[in-house]
Amino acid sequence: MAWSNDDDRRPEDDEAEDELDETDYKTQKDAVLFAIEVSPSMLQRPPAGEKRKKSDDDSPIAAALKCAYQFMQQRIIAQPKDMMGILLFNTEKSKFRDEVRSGTGYPHCYLFSDLDVPAAEDVKRLKSLVEEGEDPDEVLVPAKEPASMANVLFCANQIFTTNAANFGSRRLFIITDNDDPHGGDKTAKSSAAVRAKDLYDLGVVIELFPIAQSGKKFDLAKFYDDVIYRDPAAEAGSLDEVKTSRSSDGLSLLSSLISNINSKQTPKRAYFSKLNFELAPNFTISVNGYMLLHRQTPARTCYVWLGGEQAQLAQSETVKLDSATRIVDKSEVKKAFKFGGDYIYFKPEELATLKNLGSKVLRLIGFKPRSKLPMCASVKKSIFIFPTEESYVGSTRVFSALWQKLLDSDKVGIAWFVARANANPIMVAIVPSRASSGDDNDDGRPSGGTPYLPAGLWLVPLPFADDVREVELSAPHRPPDSLTDKMHPIVKNLQLPKAMYNPLKYPNPSLQWHYKVLQAMALEEEQPEQEEMEDATIPKYRQIDKRVGGYMAEWKELLAQKARSLMQHRAVKREAEEEADGGAKPLAKRPKPIAPAGGRLNNAQLKAAMEQDTLKKLTVAELREILASKGVSAVGKKADLLEKLEQWIEENV
């Protein structure tokens, strides 16, 4: 994520002043290795029968490779510094790095794409295998004897150790339909569990994406419960369940796989890590902070030089020059502030002292009822915090107790918050959120919670007194009850599924188009047409018209009637007041011809002007002004406007 819009971001010149530990650097990179099983069942297409989509005819191995292909396409554009690789196991051929091995090393393991930053050639090679079905090396030939999962996990260990030794996020994605690869062999199962423990100690997270074939349930207890280490902190607010993709059930296997992998594809990168949370004097726990909801915008991660035969990454260099174009050394630069026309110079250590408003900390000050926190108090994006045991053992228990107590008491905490060194201190409200269980409370009310957001504590930045403006708001006009009743069926028939808005279902179309163009440039393909892009944010007008078209027409007609009635009532009332004010003035014995005065003519003057046939002397603008003040449509030529005005005078005066 990019934090370019945050007010508390450090300037580039002050990066060296912030003390960052190794974890802060590690969390900026991610390495993902796909381990895909090649077996006769994975190569088998769904049985032909009922009509299904084209993607539903893919074999599980084809769906897995297409999923990896889409994943690689996203990584080559969105996260160019992250690594990805593809390891096929249970293959007849064996390959590791540049050596092709037949019976030694890692038998029946084929490293199709080494763990590295995805390049255009890697994407093209995988594309030819996925879309065109070209397999000249016969890598998708299943082995006669199954591969040992201990060897597969040890091979993955070797790949991560060699290629991504210092990465903070390293994950192994296993895609298979075999829930018992060793057929109950306890020795082989024990060896695989040892290799999985080695990966876990190395910091590698194993994610399983099982495929259920022919209605058969994928039983994790047979083998993979001893291989997968489920970390509660890795999936904040969820039970870290393993979702199963099903084949031949009328749903696209590819869509199911992509959906499951997309939920795991983005590593959780902390906004801050191991921050001290001071609950009381000498009582501190540690928490990590995550910015879960953030606007995605096209971000330039590097410069690319396109002048040569092949696109290359450009290395940027910043040089400071003086008026004589002489290179100025960093030690020669002095920083100063202007006061009263004079410059006051500061040393670097003095500037650091001025900027230091306290160490980074989250300090609890007190508690307030939740009802005292208005919606308008949120001035910036909220931050989700979760406990970590790295600095203080027992942080999870204390954090859970605080969360539960805030929920039970319906209160929020008020805290002093400094996110990073040199950041401006702010006041935050610590707001608890519930888990979304779909059940109701004892009193019948919904349990609350949001499906795609975890349960826990949120830091809601609060405004200071200078940030709050005094705004006088007048009470809005209350619509008639008849309009409100007519709107009920419209709102009822336009509800989202489960009455819940999920932003993950509506990708940013401009961002998707930006990445699509970059992808075409990187792969040397033709630039796509913008009309081909799917925009999920466009309303489905046909469905809306089919559901509520008639109701909306009736409501619009009723609204027009109420508006005309209101305008006529106001016009008559205003004219009556004007006549009452001028009624005491003596009238001339002989009325003179009425001089047109536009919208300033009252009803009596308009009637006299019509009798004297002087309305035609009014201009079109004046006629429209009079008609608008009377609540009559002012559209048409001058003859039509005169006819409308005369008709109104005859009916109302």
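**Figure 1. Leu 357 and the residues it touches.** Leaving out residues up to four places away in sequence, Leu 357 touches Trp 416 and Pro 425; contact here means heavy atoms within 4.5 Å. You will find Leu 357 in the loop between helix H8 (348–355) and strand E15 (361–369). Helices (H or I, at least four residues) and strands (E, at least two) are DSSP runs, numbered from the N terminus. Leu 357 and Pro 425 are 68 residues apart in sequence, and their C-alpha atoms are 7.2 Å apart in space. A note for all the views: this is a predicted model, in which local features need pLDDT of at least 70 and side-chain atom pairs count only at pLDDT 80 or more, while totals for chains, interfaces and linings use all residues. Residues are numbered from 1 along each chain as its sequence is written, and side-chain values use heavy atoms, with hydrogens and water left out.

**Figure 2. The chain as a whole.** Stepping back, the chain has 15 helices and 19 strands. Of its 653 residues, 33% count as buried, where buried means under 20% relative accessible area, exposed means over 50%, and partly exposed is in between (1.4 Å probe, protein chains only). Take the contacts between residues at least 6 apart in sequence: 71% of them join residues at least 24 apart.

Figure 3. Asp 177 lies in the loop between strand E6 (169–176) and helix H6 (186–202). Is Asp 177 buried or exposed? Asp 177 counts as buried because its relative accessibility is 13%. The side chains of Asp 177 and Ser 41 are joined by a polar contact of 2.6 Å. A polar contact is a pair of N or O atoms within 3.5 Å; within protein, one must be able to donate a hydrogen and the other to accept it, and residues adjacent in sequence count only if both atoms are side-chain atoms. Setting aside neighbours within four places in sequence, Asp 177 is in contact with several residues, including Glu 37, Met 42, Ile 211 and Phe 218.

**Figure 4. Ser 169 and Asp 30.** Ser 169 is found in strand E6. With a relative accessible area of 14%, Ser 169 is buried. Which residue does the side chain of Ser 169 meet in a polar contact? The partner is the side chain of Asp 30, at 2.6 Å.

**Figure 5. The largest nonpolar core.** This core has 35 residues, and those with the most contacts inside it are Leu 153, Phe 160, Leu 172, Ile 174, Ile 206 and Tyr 224. A nonpolar core is a set of buried Ala, Val, Leu, Ile, Met, Phe, Trp, Tyr and Cys residues joined through side-chain atoms within 4.5 Å. Among the elements that give two or more residues to this core are strand E1 (30–37), helix H5 (149–163) and strand E7 (204–212). Helix H5 supplies the largest share, seven residues. Not counting residues up to four places away in sequence, Leu 172 touches Leu 33, Leu 153, Phe 160 and Ile 206, among others. Apart from this core lies another, of 28 residues, among them Ile 86, Leu 88, Phe 209 and Leu 523.

**Figure 6. Aromatic rings in pairs.** Rings of Phe, Tyr and Trp (its six-membered ring) pair if their centres lie within 6.5 Å; planes under 30 degrees apart count as stacked, over 60 as edge-to-face and the rest as tilted. By this rule there are 13 aromatic pairs. One of them is the tilted pair of Tyr 106 and Phe 154, at 5.9 Å centre to centre with 50° between the planes. Tyr 106 lies in the loop between strand E4 (99–101) and E5 and Phe 154 in helix H5, so the pair ties together parts that are 48 residues apart in sequence. Tyr 106 counts as buried at 10% relative accessibility, whereas Phe 154 is partly exposed at 31%. Ring pairs also link Phe 34, Phe 71, Phe 173 and Phe 209 into a cluster.

**Figure 7. Charges over rings.** The charged end of Arg 195 sits over the ring of Phe 154, 4.3 Å from its centre. Arg 125 lies over the face of Phe 112, at 4.1 Å from the ring centre. A charge sits over a ring if NZ of Lys or CZ of Arg is within 6 Å of the ring centre and within 35 degrees of the ring normal.
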